[in-house]
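Here is a short report on one protein model. Look at the strands first, then at a helix.

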Amino acid sequence: MPSVHQVAIIGYGNAGRRFHAYLIGLAAGLRLRGIASRDPQTRQRIVAEQGCLAYESFERALADPQVDLIVLATPHDTHAAMAIEALTAGKHVVTDKVMCLTTDEADTMIEASRRARKLLSVFHNRRLDGDYLTVKKAIGDGELGPVRWIEMNWQRSGPPRGWRGRRDAGGGRLMDLGAHLIDQTIQLWPEDPPMNVYCRMHHDFGLIGQPEIDVESHCMVTIEFASGRTAIIDTSAMVHQPKPRFLIAGIAATLMKTGLDPQEQAMFAGDIDSARDDPVHYARISDGKTEKILPTLAGRWIDFYPNIAEALSGIAVPWVTAESVRPTIAVLQAALRSAQTHQAVACHADPGARR
C-alpha cells in the first residue's frame, strides 16, 4: 500500500485556505494533519472548516513528529528562513511562490535541502495553467516557427490587500502575478538563460488616496535572453481593459490568447474539475492570411500535489525543483534593482553548477 505523507500548512490566509488546503485534500498520498496560525479565532476556524489540527505556531508544527511535509503559505519575506529551519529539522518543504526574495536566499535554501536530503519545491501551479500549456504546445509543435518576441500580460483593477501591499514583506504585483509570468517564460526555453533586465514601475496608489500602499501600481519588465529573444512582462493593479494574456510573435505566425485560466474561480466554487475556458478566449494563430483557433487544453493544478507525494515516495521527480526556480528569482531581483536605478541590470540566473 502506498505511503501517506502527513502535511502541515503554515498560514491560513487566502493561499493556505483556498489553494493549498483544497488541493492537498484532493491529493492521493497526502493527508492534511494540521495548519498553523497564531490567532486563536483562526485556529477555531481551521478545526471547524478543515477537520484537522490547529497548531499555535510554526514551531509547534515543526515539533510534530508525524509531519513529513511543511507547506509555507506565509508572506514572501518569511520563506527563506522558515524553509531552512524546516529542512534542518528534517521536514520536506513546499513554499508558496515566490520561493524567496534574492538569489543568495535561493542558494542557501537549495544548499540546506541538499544537506538535509529533503525535498524543496515551490508552488508554481501556473506551470499547469491550461492557457500556458496550450501556448507551450503550439510553440513546441512549431506552429509559430522560431519565436523571438513574447509578451505576457496580467492586469487587474484593485489595490493589493494586507501584506501584499507592503514592499518589505515582498508584496506587489511583480512578486505575485509577475513571478508566475516570468517563471512561465523561462520554462518555455529553460536552456536559454535570461541575461539582462529592464524594469519600469509606477507607484500611483497615493493618487487614489491610499498612500499606505508602497508597492507598485504598474510594472513592466523587459528581459533579454542569451539567444537574443525578448520577453515583456506587464502587470498592473490599475487597468480596467486588460491586454491579451499572451502575444507571441514567431517568424512564421503570431499567437494571441485572451482571458485568464479558469481553474482559480472553479476551485473557489468548490469544483476545480469544472473549469472550462470560454471559447471566446481561445488562442488564435495568424500568418497574415489564415487564422487557426486552438481550443484551450485543460489545466492541471490538481496534479501538483500528487506529484509531490510521488516524489516523497521516491517514484517520481518533482515537476518544480528549487533549482529550476532560481532563474525566476534572479530576474525578479534584477527587475527591482532596475526600477530603482532606471537602468538595465545584468541577470545572474545561473551560478554554474546549480542547473
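**A strand with two faces**

This is a predicted model. Start with strand E9, residues 218–225. In a regular strand the side chains alternate between the two faces of the sheet.

| Pair | Sense | Bridges | Residues opposite each other |
|---|---|---|---|
| E8 (residues 194–202) and E9 | antiparallel | eight bridges | Cys-199 and Val-221 |
| E9 and E10 (residues 230–236) | antiparallel | seven bridges | Ile-223 and Ala-231 |

E9 and E10 also form a hairpin, with four residues between them. Gly-228 lies in the turn and has a positive phi of about 100°.

Now turn to helix H2, residues 40–50. Which residues of H2 are buried? They are Thr-42, Arg-43 and Ile-46. These three sit on the same side of H2, because they cover an arc of only 100° around the axis. The other side of H2 has exposed residues: Gln-41, Gln-44 and Ala-48.

What covers the buried residues of H2? The cover includes strand E2 (30–36) and strand E3 (53–55).

At its start, a side-chain oxygen of Asp-39 comes to within 3.3 Å of the backbone nitrogen of Gln-41. After H2 comes Gly-51, with a positive phi near 65°.

Definitions and conventions: Residues are numbered from 1 along each chain as its sequence is written. This is a predicted model: local features need pLDDT of at least 70, side-chain atom pairs count only at pLDDT 80 or more; totals for chains, interfaces and linings use all residues. Side-chain values use heavy atoms; hydrogens and water are left out. Buried means under 20% relative accessible area, exposed over 50%, partly exposed in between (1.4 Å probe, protein chains only). Two strands pair if DSSP finds at least two bridges between them. The arc is that of the directions from the helix axis to the C-beta atoms. Contact means heavy atoms within 4.5 Å. A polar contact is a pair of N or O atoms within 3.5 Å; within protein, one must be able to donate a hydrogen and the other to accept it, and residues adjacent in sequence count only if both atoms are side-chain atoms.
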